[in-house]
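Let's walk through this model together, one question at a time. Here it is.

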Amino acid sequence: MTLIEKEIQAKTILSVSKIYPWVINPYTGCQHGCSYCYARFMKRVTGHKEPWGEFVDVKINAAALLRAEITKKKRGRVWVSGVCDPYQPPEAKYKLTRQCLQILARHSWPVIIQTRSPLVLRDMDIIQDARDFEVGFSVTTADDSIRKLFEPHAPPIDDRIQALEVLHDAGIRTYAMIAPMLPGAEGLAELLIGKIDYALIDRMNYHYADHVYRNYGLEDTLTDDFFYRTRQKLASLCGT
């Protein structure tokens, strides 16, 4: 996969969210390029012509913007991130997420991190010392062969589970985002128990990946029956 990476100057970084009070997206686009990702709608906003997953705009002034904006806005929980993975590969070089977390921690703002990447372990020093930070991993299936069909450029499932265990054992509040629920998700209960404080579970609500289900004969896992049956198997995780 060819990645077009471009450094840009963003106009703002601490934005209002419909999920949590605030959201920070240090990048536009996501190199993980998951086939089902709802964030594909960003292409309509940004005008990118490249396929989803093949472009990333790097908001190199993210930290400077946050330092200015955080003193002017009402304190509230911040989602890092909503329409990109804050720990996608370019973060290893640019450290924009790390810089933003440092600022949020310094101002004692609560933060909920959502990622697919074990790179978040790099920032455990900040997360452990912060007053109210938690870390979640999107873990959509227990079967890495299924992960390769839907999320071919994202980290392996075992790596995500191991990272959750490290974070949880360090006393950091952790969660699993089992959404969208992919084939093979029923095996996650055994893998995640004791590694998370809670789980969020939802079905496939978008049609971007319908071709993957068709191509591999997985249409039965889009049914109500699959969702409710699997959710029941995972119910123990919700109150872990």
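Before the first question, a definition: buried means under 20% relative accessible area, exposed over 50%, and partly exposed in between (1.4 Å probe, protein chains only). Helices (H or I, at least four residues) and strands (E, at least two) are DSSP runs, numbered from the N terminus. This is a predicted model, where local features need pLDDT of at least 70 and side-chain atom pairs count only at pLDDT 80 or more, while totals for chains, interfaces and linings use all residues. Residues are numbered from 1 along each chain as its sequence is written, and side-chain values use heavy atoms, with hydrogens and water left out.

Q: Which residues of helix α4 (residues 96-106) are buried?
A: An α-helix has 3.6 residues a turn, so residues three or four places apart point the same way. In helix α4, the buried residues are Leu96, Thr97, Arg98, Cys100, Leu101, Ile103 and Leu104.

Q: Is lysine 95 buried, partly exposed or exposed?
A: Lysine 95 sits in the loop between α3 and α4, and its phi is positive, near 55 degrees. Its relative accessibility is 40%, so lysine 95 counts as partly exposed.

Q: Which side chains make polar contacts with the side chain of glutamine 114?
A: Glutamine 114 lies in strand β7 (residues 111-115) and is buried, with a relative accessible area of 16%. A polar contact is a pair of N or O atoms within 3.5 Å; within protein, one must be able to donate a hydrogen and the other to accept it, and residues adjacent in sequence count only if both atoms are side-chain atoms. At 3.2 Å the partner is tryptophan 79, and at 3.4 Å the partner is serine 138.

Q: What is the omega of the cis peptide bond between valine 80 and serine 81?
A: Serine 81 is in the loop between β6 (78-80) and α3 (91-94). The cis bond joining valine 80 to serine 81 has an omega of about 10 degrees.
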